[in-house]
Amino acid sequence: MYGKKECIAMLLAGGQGSRLYVLTRHVAKPAVPFGGKYRIIDFPLSNCVNSGIDTVGVLTQYEPLALHAYIGSGQPWDLDRASGGVHILPPYMRSKSGEWYKGTANAIFQNIPFMEQFDPEYVLILSGDHIYKMDYAKMLDAHKKNGADCTIAVIDVPLSEARRFGILSADESGRITKFVEKPANPESTLASMGIYIFTWKVLRERLIADEADPASENDFGKNIIPGMLADGCRMYVHPFEGYWKDVGTIDSLWEANMDMLSPDCPLRLNDPSWRIYSRNPASPPHYIAPEGTVQHSMISEGCEIAGDVTASVLFNDVRVARGAQIRYSILMPGAVVEEDAVVEFSILAENVHVGRGAHVGGGAIDPLGSKITVAAAGVEIAAGAEITPGAMLD
């Protein structure tokens, strides 16, 4: 057994992210680049460290190679520790059996032996595919103050979007009175963020009972939480009012990146009191040629820009040649746009090459009314090619 920990985090990072289409064909969603120099998983990992949680289990499954390599020893997040730190937890074969993670609850159930090594009082369950900053220590304090069995972080959403989430109702004290997963007719706008704190003894009992139920889908939202509520467990909401984005679709990923360009965005990446840490490339400073122009954009290290870049996010080592135009787009590491090419309202994954004079995507004056064009990692777009708005290139 390792040293006892009051609270450990279990980060669910094994999802396929099928709604990101070609961007997650060969990489897990938490490993998708975001915001010019990060990957999505940097946000929950950094939140843990900033909240004083130094023991994190990362549960991986789908296309884990890039994610495993990126996390490595955990050094960028100060999680390379002898006691605690970050631990990669893929599904594995046991002496008599072995299986893939069947659902969120089953994934945590399969790792009961890992959690028992730290003899925790509380377990924080996180998703690896959301963009936000949150102090989990405040949520834990509220959980202890309420004597709760489970605390669920919630955010107020528009009624028109509520049916996409698990929706909760609570009394004046914050105690949960009702929970419905993706209701057709929502009675509330309090949406679960997929962030839970459980008292460990209660969670362990619930996971074991859920696994023994052949009718269960082994899911927190569908089984564990409704079951606890029906049995009268002490369950509370923890309201969150900051920036939070589920980047599980092409549109939401593009919108969240564009949000980072706004001076009014509540998620400040340059906040020294709550840094988002990442594994940074060893690239030289970016260079903007005399003929190059950059407006209202994020430009990362290693970029070489001789063309025009407007309202875009460029990751490391992107090259934009003379006469090329980049507008309202996201260019991930190593993308190259040759002379006189145009890229608009598009997401170019890692190492995409756009040939000379090609035109990729397009859009209306209102960016939110545009269809986003996406090119998967390594795609070669021929010189002079015309790629229509909304195309998916694999």
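## Cysteines, cores, sheets and a helix

Cys7 has a relative accessibility of 9% and therefore counts as buried; buried means under 20% relative accessible area and exposed over 50%, with partly exposed in between (1.4 Å probe, protein chains only). The model is predicted, so local features need pLDDT of at least 70 and side-chain atom pairs pLDDT 80 or more, while totals for chains, interfaces and linings use all residues. Residues are numbered from 1 along each chain as its sequence is written, and side-chain values use heavy atoms, leaving out hydrogens and water.

**Cysteines.** With a disulfide taken as a pair of cysteine sulfur atoms within 2.5 Å, the count is zero. For both Cys7 and Cys150, the closest cysteine sulfur is too far away for a bond. The table gives the values.

| Cysteine | Relative accessibility | Closest cysteine sulfur | Sulfur distance |
|---|---|---|---|
| Cys7 | 9% | Cys48 | 8.4 Å |
| Cys150 | 0% | Cys233 | 8.7 Å |

**Nonpolar cores.** A nonpolar core is a set of buried Ala, Val, Leu, Ile, Met, Phe, Trp, Tyr and Cys residues joined through side-chain atoms within 4.5 Å. The largest one holds 98 residues, and Ile195, Ile347 and Val354 touch the most other members. Helix α8 (residues 250-259) supplies the largest share of this core, five residues. Another core lies apart from it, with 34 residues, including Met10, Phe118, Leu229 and Val237.

Contact means heavy atoms within 4.5 Å. Beyond its neighbours within four places in sequence, Val354 is in contact with Val336, Val337, Glu338, Ala341, Val343, Leu348, Val360 and Ile381.

**Sheets.** Helices (H or I, at least four residues) and strands (E, at least two) are DSSP runs numbered from the N terminus. Two strands pair if DSSP finds at least two bridges between them.

β15 runs parallel to β18 (residues 308-310), joined by three bridges. Asp308 in β18 is the bridge partner of Thr293.

An open sheet in the order β16-β19-β22-β25-β28-β31 also has six strands and parallel pairing. Here β16 (298-299) and β31 (392-393) stand at the edges with a single partner strand each, so one side of each has no neighbour in the sheet. β28 (residues 373-375) pairs with β31 in the parallel sense over two bridges, and Val374 has Met392 in β31 as its bridge partner.

**Helix α5.** In α5 (residues 136-145), the residues Tyr136, Met139, Leu140 and His143 are buried. They lie on the same side of α5 because they cover an arc of only 100° around the axis, the arc being that of the directions from the helix axis to the C-beta atoms. Exposed Lys138 and Lys145 sit on the face of α5 turned away from its buried side. At the start of α5, a side-chain oxygen of Asp135 comes to within 2.9 Å of the backbone nitrogen of Ala137. Gly147, with a positive phi near 60°, follows α5.

**His87.** Strand β5 (residues 85-88) contains His87, which is buried at 17% relative accessibility. The side chain of His87 reaches the backbone oxygen of Gly84 at 2.9 Å. Not counting residues up to four places away in sequence, His87 touches Tyr2, Val56, Gly57, Val58, Phe114 and Phe118.

Definitions and conventions. Polar contact = N/O pair within 3.5 Å; in protein donor to acceptor, adjacent residues only side chain to side chain.
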